[in-house]
Amino acid sequence: MIDRSDSFHNSLNILKNLSSVNSYYIIGDGIDSISNLTMVGVDSGLPSIDKITYKKGDGTVPRNSATVGDKLDPSRTYYIREGHTALVSNPNVQMQVLNILNGKPNELAPKISKKKISVASVSLQSEGPVELHVNDALGNHIGINGEDFDQNIPYGNYYSDGDNRFITLDADNYTVKMKGTGYGYLVYTLAWTNEDEIEDKTVRFDAIRITPKSVLTSETNRDGQITLHIDDDGDGVIDRSLLPSVELSREDILDETIPTITSRVDGVKGVNEWYGKDVYYNILGEDSEFGVYKIFYDLNDSEYKEYTGPIPLPDTGIYKFKSFVRDKNRNDSEILIETVKVDTTNPTKPTMTVVPLKWTNQFVSITLSDSQDADSGFQKYQYKIGQDGEWKDYTAPIIIDTEGLHKVYARAVDNVFNLSEEVVGYAKVDKTSPTAPDGFEILSYNYNQIKISWSPSTDNVEVTSYDVYQDSVFVGSTTDTEFTFRYRW
């Protein structure tokens with residue numbers, strides 16, 4: 001629709017059409033008129049007005065538009081301070097028309113000027129659940145009045161868009177009152193424009209908590225200290241007074257350079273895109289002109305909140321950040337979108353398989369298996385031999401062939417270096433032979449058997465049994481230090 005409108009407008013040759021007849025032009029001037037609307041929320045389908053830029057005109061049509069970009073013949077152009085709808089009924093306008101029709105175009109009616117009308121102005125904007133009211137020294141009012149609104153201050157204009165209220169007035173000292181209509185936060189802005197239509201001072205109050213009982217009052221004296229007085233409970237007593245959150249000079253206001261935004265993640269970085277424990281998300285903003293005002297972030301599509309310092313990410317999960325930087329002139333950086341994956345959950349402990357479990361005079365093989373990690377993923381096993389041993393990465397079955405009772409520890413490591421619970425196993429290797437038994441004695445004998453005994457053998461680990469031979473032939477085994485031979489005749 002906008003493109004079609006623009007195309008239609010460009011197809012018109014307004015100057016040619018105007019010059020085709022004997023034309024004179026009486027332009028309403030000296031009243032703030034909407035020149036530009038800055039919208040937010042267009043992409044979301046919930047558009048609202050963020051800021052209104054004004055230029056002098058008749059309150060509806062800016063002068064620049066009425067004069068076709070200052071291309072009208074100045075000798076045939078007149079200016080009067082009058083509103084759009086009242087132009088044709090203004091007696092001075094009617095008198096000037098008669099002067100032109102009577103061949104006296106250079107004779108000016110009262111309040112008609114050949115010069116553009118320049119007037120300094122002040123604009124007010126409230127963003128939040130409040131009514132915005134302004135009164136001048138004579139008691140004239142502009143603002144909500146029941147279901148309608150008053151616009152009784154001369155040359156003042158009132159606009160609204162949802163919870164956003166806009167008032168523009170000639171520069172002067174007015175009394176401002178705002179009344180809470182609900183719960184939320186208020187941003188209140190005053191901007192002064194000089195006679196050259198250049199905004200040269202702005203003050204802004206940010207994030208003021210509002211309830212239905214809130215009453216806020218202030219003034220608009222450009223040269224004085226602007227203070228916002230707040231009656232929180234509507235009892236007529238001022239509970240607190242605030243100075244502006246931001247004060248902008250002319251140079252600040254002209255800053256249209258957007259700030260830049262970067263981020264940094266502090267904490268254990270894994271071997272993949274995951275982070276481990278003690279993780280903090282940092283948002284960094286920079287503005288080369290007049291400085292960063294605030295940083296805002298949204299975590300997991302909740303709502304934007306002010307960033308005040310490193311954000312801890314203590315739990316396992318996937319954190320989705322959207323953040324932006326705002327400078328003092330409300331220029332916003334591009335939105336930075338990042339995902340941070342955090343795994344603070346330890347992997348499951350491994351299964352340790354020891355073969356053989358009993359003592360051996362050869363070697364012991366130990367294998368590790370079965371650990372899992374559902375988040376960053378399993379990375380590896382580690383093991384050490386002995387309490388004071390050094391942890392080593394497990395790459396193949398552990399072979400232990402040195403003599404001794406070896407206590408083996410093992411654990412799993414995930415991709416962000418979280419450690420599982422340790423498991424323990426034992427490797428038993430004995431390569432030292434026991435001492436030979438001696439001290440043999442015959443305990444008893446008869447015609448078909450003989451019972452003998454001997455002194456116990458010793459071993460560095462344990463003597464588990466004795467093998468008994470007769471004439472170099474194995475005849476049995478015993479755990480005792482005696483044995484009975486039986487004869488068969």
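## Basis

In this predicted model, local features need pLDDT of at least 70 and side-chain atom pairs count only at pLDDT 80 or more, while totals for chains, interfaces and linings use all residues. Residues are numbered from 1 along each chain as its sequence is written, and side-chain values use heavy atoms, with hydrogens and water left out.

Strands here are DSSP runs (E, at least two residues), numbered from the N terminus. Two strands pair if DSSP finds at least two bridges between them.

Six strands form an open sheet in the order β9-β10-β5-β12-β13-β17, with antiparallel pairing. β9 (157-161) and β17 (246-249) stand at the edges. Each has a single partner strand, so one side of each lacks a neighbour in the sheet. From one strand to the next, the twist averages 10° (axes are lines fitted to C-alpha atoms; angles run from 0 to 180 degrees between N-to-C directions). Within this sheet, β5 (residues 121-127) pairs with β12 (residues 184-193) over seven bridges. E127 has V187 as its bridge partner in β12.

## Around β20

β20 (residues 279-286) runs antiparallel to β18 (residues 260-266), joined by seven bridges. I261 faces G285 of β20 across this pairing.

β20 also pairs with β23 (residues 311-313), antiparallel, over three bridges. There Y281 stands opposite I311.

## R326

R326 lies in β24 (residues 317-327). R326 counts as buried because its relative accessibility is 19% (buried is under 20% relative accessible area, exposed over 50%, partly exposed in between; 1.4 Å probe, protein chains only).

Beyond residues up to four places away in sequence, R326 touches P259, V292, Y293, K294, F296, N331 and D332 (contact means heavy atoms within 4.5 Å). With D332, the R326 side chain makes a side-chain polar contact at 2.8 Å (a pair of N or O atoms within 3.5 Å; within protein, one must be able to donate a hydrogen and the other to accept it, and residues adjacent in sequence count only if both atoms are side-chain atoms).

Notes
Helices (H or I, at least four residues) and strands (E, at least two) are DSSP runs, numbered from the N terminus.
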